[in-house]
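Here are my notes for you, in numbered points. Have the model open while you go through them.

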Amino acid sequence: MRTDTRKTELALGTWAFAGNAGFWSDQKRSDSLKTLHLAIRSGIRAFDTAYAYQNGRAEQMLGQQLKRFPLDRNTLFISTKTMGRDNLRESLSRLLTDYVDIWYLHWPSSKRDVRQTLERMGTHPEAKTIGICNVTPSYLESLLKDVPVKAVQVHCSLLWTRNLRDMVSFCREHGIFLSGYSPIGMGLLGGRHDNPPDDTRGTLYCYQYPLQFHELLAGIREISLKHQCSMSQVALSWAMAQGFDQIVLGARAKEQLAQDSEPVSLSEDERAMLTTLGDDLSSRAPAWQDTVFAHRW
């Protein structure tokens, strides 16, 4: 499924659209709809959602709004996720489509038999590809011995670079489609949250290391001033240059999407500087921490 010559595609993420516990709880439905409409009118044709985004509300919103436009389903690339339940047909009903291009296992755990879950997911012809999210390269390698996983989605931002380059190399070597989410670090790299926001993001590890986090923000800010663009554009541009097949950008308002979805051309030196700063911050997290969310297998 992976093609090394393919340009990284920008997808619209719907995590914030439905308003989730601890994240985006003040999200307005009208803002979500306007953002989604702008994405469609701007030519975005890849969309990422999940059942866990407020118990299917984001799936339902996406499906209903896509139906409002004269779009050929073959031109769309729709991904959704399950927490392990055999609920694809429910997702399809909400999405108003006969199939999804990727069906991901959202948050696997070493406490559950992931292989059996993936095998069961693979029995559904309505899912063109079966994938898995939030894994490490070593865990993915162990899975491939038993289950032919063809797609992977992991966090891809300067907020968390641990295992990122190893994951890109592994997926390229094994022909696995690689999707990266939260390129702006759930908004924390956009220059508005030097201090912890009053929601779950404020508990993330980066705020335990303010010196390194602020150095990273200063580096992004310096480059944004040079290019006369937003810090979010710089963060997105770095993520788009990491070798992923797809980068999933979230936006809560159409103005945010209009600005942040336009990457800029970073020099090799600029990308290298940002990588060094991101690596320094990520290295401060505990060794056991597998994801930016302090997930542990």
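Which residue does D280 form a salt bridge with, and how far apart are the closest N and O atoms? The partner is R284, with the closest N and O atoms 2.8 Å apart.

1. Ground rules first. This is a predicted model, where local features need pLDDT of at least 70 and side-chain atom pairs count only at pLDDT 80 or more, while totals for chains, interfaces and linings use all residues. Residues are numbered from 1 along each chain as its sequence is written, and side-chain values use heavy atoms, with hydrogens and water left out.

2. Back to that opening pair. A salt bridge here is a side-chain nitrogen of Lys or Arg within 4 Å of a carboxyl oxygen of Asp or Glu, and by this rule the count comes to 12. D280 is partly exposed at 26% relative accessible area, and R284 is also put in the partly exposed class, at 35%. (Buried is under 20% relative accessible area, exposed is over 50%, and partly exposed is in between, using a 1.4 Å probe and protein chains only.)

3. Another pair to look at is D26 with R252, whose side chains meet in a salt bridge at 2.6 Å, N to O. D26 sits in the loop between β1 (9–13) and α1 (29–41), and R252 in the loop between β8 (246–250) and α9 (254–260), so the bridge ties together parts that are 226 residues apart in sequence. D26 is exposed, at 57%, whereas R252 is partly exposed, at 23%. On element names: helices (H or I, at least four residues) and strands (E, at least two) are DSSP runs, numbered from the N terminus.

4. R221 and D194 form a salt bridge too, with 3.6 Å between the closest N and O atoms. R221 belongs to helix α7 (residues 210–227) and D194 to the loop between β7 and α7, so this pair links parts that are 27 residues apart in sequence. R221 is partly exposed, with a relative accessible area of 29%, and D194 is partly exposed as well, at 28%.

5. Now for helix α6 (residues 164–174). Its buried residues are L164, M167, V168, F170 and C171. Looking down the α6 axis, they fall within an arc of 170 degrees, so they line one face of the helix; the arc is taken from the directions from the helix axis to the C-beta atoms.

6. After α6 comes G175, with a positive phi near 65 degrees. Strand β7 contains F177, which counts as buried at 0% relative accessibility.

7. Last, the helix pair α2 (residues 57–67) and α3 (residues 88–95). They pack at an angle of about 40 degrees, with axes 7 Å apart. The two are therefore oblique to each other (under 35 degrees is roughly parallel, over 145 roughly antiparallel, 65 to 115 roughly perpendicular, and the rest oblique). Axes are lines fitted to C-alpha atoms, for helices over the stretch in contact, and angles run from 0 to 180 degrees between N-to-C directions. E59, Q60, L62 and G63 in α2 meet S91, R94 and L95 in α3.

Definitions and conventions. Contact = heavy atoms within 4.5 Å.
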